[in-house]
Amino acid sequence: MNKYIVRTIKITSLLLAVFCSTWFLQKFILCHPDHNKLRINGFYLEEPNTLDVVFMGASEMYTGFAPGLAYEKFGFTSYSYATASLTAGAIITQFKEIMRTQDPQLIVVEINPFLYPDDSNENKEGSIRKYIDNIPYNDNKREYIKNLDTDNEIEYHIPFIKYHNSWTEYPGGIKFSGAMILQNLRGHTLLKGYKTNTGICPLDDKYLNQKLIDDDTTLDLYPLYEKKLRETLSYCSENNINVLFIRAPHLLETESDYDAFCRANAAEKIINEYGFDFINFERDRETMSYNAHMYYNRQHLNVYGSKSFTEYFGKIINDKYIIRNTKLTEKQKSCWNDAAEYYHKFYKCCDELTMSDDKAVEIEEDLFGIREIEKHQ
């Protein structure tokens with residue numbers, strides 16, 4: 001009898017070791033480690049029901065708003081739960097995931113996923129995976145995958161299959177895997193989803209920003225995106241979610257920029273039709289006065305622009321939408337004070353790099369301090 005007990009223990013131990021090893025490899029090594037994975041992973045490290053505001057959408061959100069600075073200035077806690085090139089089809093899943101662990105007073109949605117001129121981003125595997133690969137495996141994830149138009153559904157359920165050869169990308173990918181392991185050891189992030197770049201756009205008179213503040217021209221949304229937007233609005237209404245929709249500030253220069261601007265005007269009318277607030281920062285006199293040196297490209301604010309935008313938008317949120325700040329424990333307050341302090345170190349590092357180097361530099365947090373992660377012309 002003892003022989004069978006010992007054998008059972010050995011087999012169970014082996015299976016457990018295989019499971020734990022596979023989990024570790026899929027979560028940290030044999031995956032696609034990047035800033036999107038780092039950011040989404042960090043959201044789930046936040047203690048339940050401790051976030052007053054959650055920002056969702058695409059890259060405009062995590063480059064435009066600095067939660068650590070907002071906490072210092074206004075006292076509310078927040079997180080940028082956003083990924084690059086987010087698809088419109090992922091928006092409702094984002095709502096479900098946010099509400100699964102948090103009960104924010106406000107969710108802010110940047111509407112870029114609904115403004116594409118065609119469905120190319122919606123069907124792009126890279127855009128889909130930047131979000132869905134990085135959330136925990138649960139009913140929300142399974143429901144989202146079930147609705148995908150793909151012949152490789154199993155690879156979405158088990159990303160290990162998709163990325164089993166990703167070890168060949170190392171040591172390049174180790175910077176993200178290492179940072180994610182370290183943030184899990186720490187138990188929280190310091191930037192709360194924020195990411196920036198030290199690049200600056202050239203100053204000239206070609207930008208249309210000042211000319212468009214009073215322009216209410218509309219252009220119909222692509223039919224798929226109008227459908228997705230209406231589904232999102234109906235979901236928010238049916239579930240009594242307090243949502244603010246926004247269009248983040250951009251540098252508007254080309255015909256395609258103007259077309260997206262006009263589609264944002266059309267989206268505003270649809271959003272208001274459902275009774276939700278909408279702030280169009282592409283038609284706001286304050287944000288449209290930002291000069292080109294506050295952007296690292298036409299679509300994204302840089303470290304200087306995000307500071308100004310956080311202070312401006314943070315005051316709007318605090319004055320109009322925050323009823324009360326979440327009651328934090330002393331330990332939680334200490335973590336948020338660390339985040340505020342870290343933001344200033346981060347800003348100083350970016351400022352020094354901007355002044356000393358003509359290259360755009362992306363930097364990130366790790367357990368031991370701030371480090372550069374990528375340089376490009």
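**Before you start**

What you see is a predicted model, in which local features need pLDDT of at least 70 and side-chain atom pairs count only at pLDDT 80 or more, while totals for chains, interfaces and linings use all residues. Residues are numbered from 1 along each chain as its sequence is written, and side-chain values use heavy atoms, with hydrogens and water left out.

**Stop 1: the whole chain**

Colour by pLDDT, the predictor's confidence in each residue, from 0 to 100. The chain averages 85, and 80% of the residues score at least 70. Now select residues 164-168: pLDDT is below 50 here, and the stretch has 5 contacts beyond near neighbours in sequence. (A contact means heavy atoms within 4.5 Å.) Then pick residues 372-377, where pLDDT also stays under 50 and the model has 20 contacts beyond four places in sequence. Where pLDDT is low, the predicted coordinates should not be read in detail.

Switch to a cartoon view. You'll find 14 helices and 9 strands. These are DSSP runs (helices are H or I, at least four residues; strands are E, at least two), numbered from the N terminus. Of the 377 residues in the chain, 53% are buried. Buried means under 20% relative accessible area, exposed means over 50%, and partly exposed is in between (1.4 Å probe, protein chains only). Among contacts with a separation of 6 or more, 80% join residues 24 or more positions apart.

**Stop 2: the loop from H2 to S1**

Go to the loop between helix H2 (35-43) and strand S1 (53-57), and click on Asn49. Its phi is positive, near 55°, although this is not a glycine. Asn49 counts as partly exposed because its relative accessible area is 48%.

Glu46 sits in this loop too, between H2 and S1. Is Glu46 buried or exposed? With a relative accessible area of 8%, Glu46 is buried. Show its side chain and that of Lys192: they make a polar contact at 3.0 Å. (A polar contact is a pair of N or O atoms within 3.5 Å; within protein, one must be able to donate a hydrogen and the other to accept it, and residues adjacent in sequence count only if both atoms are side-chain atoms.) Beyond four places in sequence, the contacts of Glu46 include Tyr79, Gln102 and Trp336.

**Stop 3**

The buried ones are Pro67, Gly68, Leu69, Ala70, Tyr71 and Phe74. Following H4 comes Gly75, with a positive phi near 90°.

Next, find Ser85 in the loop between strand S2 (78-82) and helix H5 (91-101). Ser85 isn't a glycine, yet its phi is positive, about 55°. At 23% relative accessibility, Ser85 counts as partly exposed.

**Stop 4: the nonpolar cores**

A nonpolar core is a set of buried Ala, Val, Leu, Ile, Met, Phe, Trp, Tyr and Cys residues joined through side-chain atoms within 4.5 Å. Which residues have the most contacts inside the largest core? Select Phe95, Ile111 and Phe245; the core they belong to has 45 residues. Helix H11 (residues 223-238) gives the largest share of this core, 5 residues. Zoom in on Phe245: leaving aside neighbours within four places, its contacts include Val109, Ile111, Leu233, Ile271 and Phe276. Apart from this core lies another of 31 residues, among them Val108, Cys201, Leu244 and Tyr321.

**Stop 5: Asp257 in helix H12**

Asp257 is in helix H12 (residues 255-273). At 6% relative accessibility, Asp257 counts as buried. A polar atom of its side chain lies 2.9 Å from the backbone nitrogen of Glu253. Arg298 is one of the residues Asp257 touches, along with Leu251, Leu252 and Gln299, not counting residues up to four places away.

**Stop 6: helix H13**

Finish on helix H13 (residues 303-320). At 1.5 Å a residue (times one less than the number of residues), its 18 residues should span 26 Å, and its end C-alpha atoms are 25 Å apart, which agrees. At the start of H13, a side-chain oxygen of Asn302 comes within 3.0 Å of the backbone nitrogen of Tyr304. Buried residues in H13 include Phe309, Phe313 and Ile317.
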